[in-house]
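User: Please go through this model with me, one question at a time. I would like the terms defined as they come up.

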Amino acid sequence: QKPILLQGHERSITQIKYNREGDLLFTVAKDPIVNVWYSVNGERLGTYNGHTGAVWCVDADWDTRHVLTGSADNSCRLWDCETGKQLALVKTSSAVRTCGFDFGGNIIMFSTDKQMGYQCFVSFYDLRDSSQIENNEPYMKIPCSDSKITSAVWGPLGEFIIAGHENGELNQFSAKSGEQLSNIKEHTKQINDIQTSRDMTMFITASKDNTAKLFDCTTLEHLKTFRTERPVNSAALSPIFDHVVLGGGQEAMDVTTTSTRIGKFEARFFHLAFEEEFGRVKGHFGPINSVAFHPDGKSYSSGGEDGYVRIHYFDPQYFEFEFEA
């Protein structure tokens, strides 16, 4: 089935994100443009203009009123989803790598990179208190001296965040006190992406060590491992089936030395329980940097190093096969 091709970026995609209903798809890339699309037909709805550097992360709150973006221009910005107006600007001392709204949409968190002599921090702002943004004073700031955070998500009910680090560690930080609740190291290399399941009981990590791993959100217990022969840049869990999609490929700088056939740039589907690969989807001319399932589970999207986002709708057989299985 032919995918819908979204061409709205000049540089490689860094993250794609559906809103909660799944009618909108937000895409950011290593250019300053933040795009929003209708997921049903791939029509571009608009852009959020203001960043001056690569945009690393994007998130929408639960009722899709606000959009949050973090960028290499040392800023995290809050936008009005409908009008595209910039509502708030938080200046940071280094690049913002990952950002997110909590479940209620009132509290935002973002992490900054360890660079230019500054260490890595996770900052928490309560949007109901406007003075925090105006004075650039988060109600809590957690330093991460050992290894910088490369990906982070909110846990269930917004009680803690789960952070993945450059050295392969996973941490839980309390959103109330800031203390480290637990720490594990199941990956041997950098964690590129963390995504939670629809009910937020589990999350999946994608790592440079060629694996994606499934964990329990509250206990951080390691449940499953999905192995490939290339670095995994992104992994997502299907909201309706026991399926996992992985996106990756070799390092971007090595891509020119191999043909696309050998490049292994397919999205790969694994069974959640059996850890077995059962399908691949080709299409990108380079590594896949971000994958996401539509909240209804009937389609998925992938964003690649080639700057394109592809929306794939599953064939009807896909659903029949699963129910028979």
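Analyst: Helices (H or I, at least four residues) and strands (E, at least two) are DSSP runs, numbered from the N terminus. The model is predicted, so local features need pLDDT of at least 70 and side-chain atom pairs count only at pLDDT 80 or more, while totals for chains, interfaces and linings use all residues. Residues are numbered from 1 along each chain as its sequence is written, and side-chain values use heavy atoms, with hydrogens and water left out.

User: In which strand is the place of S111?

Analyst: S111 has a relative accessible area of 0% and is therefore buried; buried means under 20%, exposed over 50%, and partly exposed in between (1.4 Å probe, protein chains only). Contact means heavy atoms within 4.5 Å. Leaving aside neighbours within four places in sequence, S111 is in contact with A95, V96, R97, T98, F121, V122 and I149. The place of S111 is in strand 11.

User: Which residues of the largest nonpolar core touch the most other members?

Analyst: A nonpolar core is a set of buried Ala, Val, Leu, Ile, Met, Phe, Trp, Tyr and Cys residues joined through side-chain atoms within 4.5 Å. The largest such core has 15 residues, and those that touch the most other members are M109, V122, F124, I149, W154, I161 and F173.

User: Which elements give two or more residues to this core?

Analyst: In soluble globular proteins, nonpolar side chains tend to be buried together. Here the elements that give two or more residues are strand 11 (107-112), strand 12 (120-126), strand 13 (140-144), strand 14 (149-154) and strand 15 (160-165).

User: How far apart in space are A163 and D193, C-alpha to C-alpha?

Analyst: A163 lies in strand 15 and counts as buried, at 0% relative accessibility. Beyond four places in sequence, its contacts include I149, F173 and I194. A163 and D193 are 30 residues apart in sequence, and their C-alpha to C-alpha distance is 9.7 Å.

User: Is the pair of Y300 and F314 stacked or edge-to-face?

Analyst: Rings of Phe, Tyr and Trp (its six-membered ring) pair if their centres lie within 6.5 Å; planes under 30 degrees apart count as stacked, over 60 as edge-to-face and the rest as tilted. By this rule there are 14 aromatic pairs. F269 and F278 are tilted, because their centres are 6.2 Å apart and their planes are at 45 degrees. For Y300 and F314 the values are 5.7 Å centre to centre and 25 degrees between the planes, and this pair is stacked.

User: How many residues apart in sequence are the parts that this pair ties together?

Analyst: Y300 is buried at 0% relative accessible area, and F314 counts as buried at 13%. Y300 lies in strand 27 (residues 299-304) and F314 in the loop between strand 28 and helix 2 (316-324), so the parts tied together are apart in sequence by 14 residues.

User: What volume does the second largest pocket have?

Analyst: On a 1 Å grid over the protein atoms alone, a pocket is an open set of points with protein on both sides within 12 Å along at least five of seven lines, and lining residues have an atom within 4 Å of a point. Of the 12 lining residues, V281, Y300, Y313, F314 and D315 lie nearest the centre of the second largest pocket. Strand 25 gives the most to this lining, with four residues. A volume is the space filled by probe spheres set on the points, which are joined across faces, edges and corners; for the second largest pocket it is about 200 Å³.

Definitions and conventions
On a 1 Å grid over the protein atoms alone, a cavity is a set of points where a 1.4 Å probe fits but cannot get out, and a pocket is an open set with protein on both sides within 12 Å along at least five of seven lines; lining residues have an atom within 4 Å of a point.
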